[in-house]
Structure formats: structure tokens, C-alpha cells
Amino acid sequence: MRTLITGGAGFIGSHLCDRFLAEGHEVVAVDNFITGTPENIAHLFGNPKFKLIGCDISHPLKVPGKLDNVLHFASPASPVDYLEHPIPTLKVGALGTHNTLGIAKAHNARYLLASTSEVYGDPLEHPQKESYWGNVNPIGIRGVYDEAKRFAESMTMAYHRVHKVNTHIVRIFNTYGERMRLKDGRVLPNFMYQALRGEPITVYGDGQQTRSFQYVSDLVEGIFRLLFTDFHEPVNIGNPAEITILEFADEIKKLAGSSSSIVFEPLPQDDPKIRQPDITRARKLLGWEPQVGRDEGLKRTMTFFRGKLRTA
């Protein structure tokens, strides 16, 4: 099999490249390195089954040779990144999705869209089921990411209904692990970076907002299983183990052996107050649920971050 992965040099995309190569696929990765880095896939450069195309998938791309699968994972994903690159974020969600769906249609390939729990916005339903339509501010600063993904889901379903493309949609909840950037801007890298350096740990709001964190290998397993189903509507992939941000900061402090203080800053605009996936659909459809507990996943990730800081 031959699989195209956009955003292949990103945090999640690079782990997907590893998984599909391990399954015997040829992998074509596409990335413009706006947030991805060649370092994430450097270990693959000598692999004859791996090819990298450096380009922006918001522009049309023709891929020679047969493709069996197209996975669209290209997009800035942290608030720091999509607030810095709002228009490219909108473009990759709209034009990038259109282009990759066109590639899948031309090759009669399976298609999988990386969507996000952010389509639920600041939810009024808890936990969040796939049937929930969300509570999103379309003109707020986070709307460039939230609405790009909501539009991408709509276009993906339209291509399935009109062109019969074999599409799949994964709604990804907070994911962490090796290859995250030190200054990614999301809560886990921020906390680990600050704790390891002995700097004050920044908590936004009162810290009572919640998140649910899953380790990257669990996400990759869920994605791989979903791609080879005949199910076309969105599927939540996340870890339902919910924790407050303040509790999470304390966990990171203890794990790092840090004496960092905790400081509080105002909550950013439209920041979700709660986030927890209902994974009933994934359990029934995929026989999937998280395997790596937060304790183990955080230890692995902390080891990675310690190494990054030593070489930074």
C-alpha cells in the first residue's frame, strides 16, 4: 500500500509516518514546515519506502504513482501557531482539504481528515459526543482554527455524499508525547518547559478548567483502525481521564522535581472551560480505548523534554 500524509513532519504526522512504514506501506509525506520540522522525520530519510515533498498543500499538488490512502494532518494546531498564522490556518482547512480530497478522488483512495475537539468550541454538553454540534465563536480569535476544521468536516462529508469518496473523520482530543516542540504553546509543553527550567508555571484563569490528555501512540492506533472501517461520520479519539489545569500543573511539578511557583494570568478569549471526550463510538466501532495511562505517558514525555533542553 502507498499512503500520503500531509503534515508528515509535524508532531502527530511524523508518528503516523512511523506507523504506516511499520505496517509495510510506502509513505509520501507532505509538509511546508510552518510548524513541522525535518528533525521529526530525519530518521526516515534513508528509508527507500519514504518520500518527502516540501510544499504547501493549500496549493494544488499532483502525486505520481498510485495512492491507496490520503491522510490530511496539515495545519497549525496550537493557539500560539494559529494566532500567528491565521490565514494559512484557514487556507489549509479549506483549500488544503479540497486539494487532498481531490487527490483521494483521483486515486480512488481512502481518505482521513484530522479534525479536532475544538469543533465543539466552549461546550455546553459534557462529556462531548460526536452528535453535539458545538458552541463556537466564528469571529473570535480562535475561530480561524475551529471554523477551518468545521468547514473541513463539511467538505469531507460532501465529497463522500456526492463523489462517493471513502472518507473518515477523526476528532482529536488533547494529545501529547515525544516530538512536541519545547515552545509549542500548548499547556503540556508550557508546563514541562517551565518546570524543568525552574520558572514560574503559568496557569490561565483560576485553573479549574479541565482537559483530557491522551498519549500519542493511543491516538495513532485509533487513527489506523478508523481508516480501515466503512464508517464515515466523525469519531472522537481521546482519553476520558479528565483533570483540572491546576491539578495538571501540580503533577508536572512533582514529576520534574521542580520548585517552580504557580502564577495565574487572565483566561484567553473563548478558551474552553471543559473538555472530555465521550468515546463510546470508538469503543464500539473500533474496539479502541486508551492503553497508556497519564503517569506513564508523562514520564516518557518528560524524558524527551529533558533531552531537548540539554541540546537546546
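Student: Is helix 6 mostly covered or exposed?
Tutor: Mostly covered: 9 of its 12 residues are buried, where buried means under 20% relative accessible area with a 1.4 Å probe, protein chains only. This is a predicted model, in which local features need pLDDT of at least 70, side-chain atom pairs count only at pLDDT 80 or more, and totals for chains, interfaces and linings use all residues. Residues are numbered from 1 along each chain as its sequence is written, and side-chain values use heavy atoms, with hydrogens and water left out.

Student: Which residues of helix 6 are buried?
Tutor: Among them are Val 216, Leu 219, Ile 223 and Phe 224. Helices here are DSSP runs of H or I with at least four residues, strands are runs of E with at least two, and both are numbered from the N terminus.

Student: What sits over the ring of Phe 224?
Tutor: The charged end of Arg 19, 4.4 Å from the ring centre. The test is CZ of Arg or NZ of Lys within 6 Å of the centre and within 35 degrees of the ring normal.

Student: New topic. How many aromatic pairs are there in the whole structure?
Tutor: The search finds 9. Rings of Phe, Tyr and Trp (its six-membered ring) pair if their centres lie within 6.5 Å; planes under 30 degrees apart are stacked, over 60 edge-to-face, the rest tilted. Phe 213 and Phe 248 are a stacked pair, 4.1 Å centre to centre with 15 degrees between the planes.

Student: Where are those two in the chain?
Tutor: Phe 213 is in the loop between strand 9 (210-212) and strand 10 (214-215), and Phe 248 is in helix 7 (residues 245-256), 35 residues apart. Both are buried.

Technical notes: Buried < 20%, exposed > 50% of the residue type's maximum accessible area, 1.4 Å probe, protein only.
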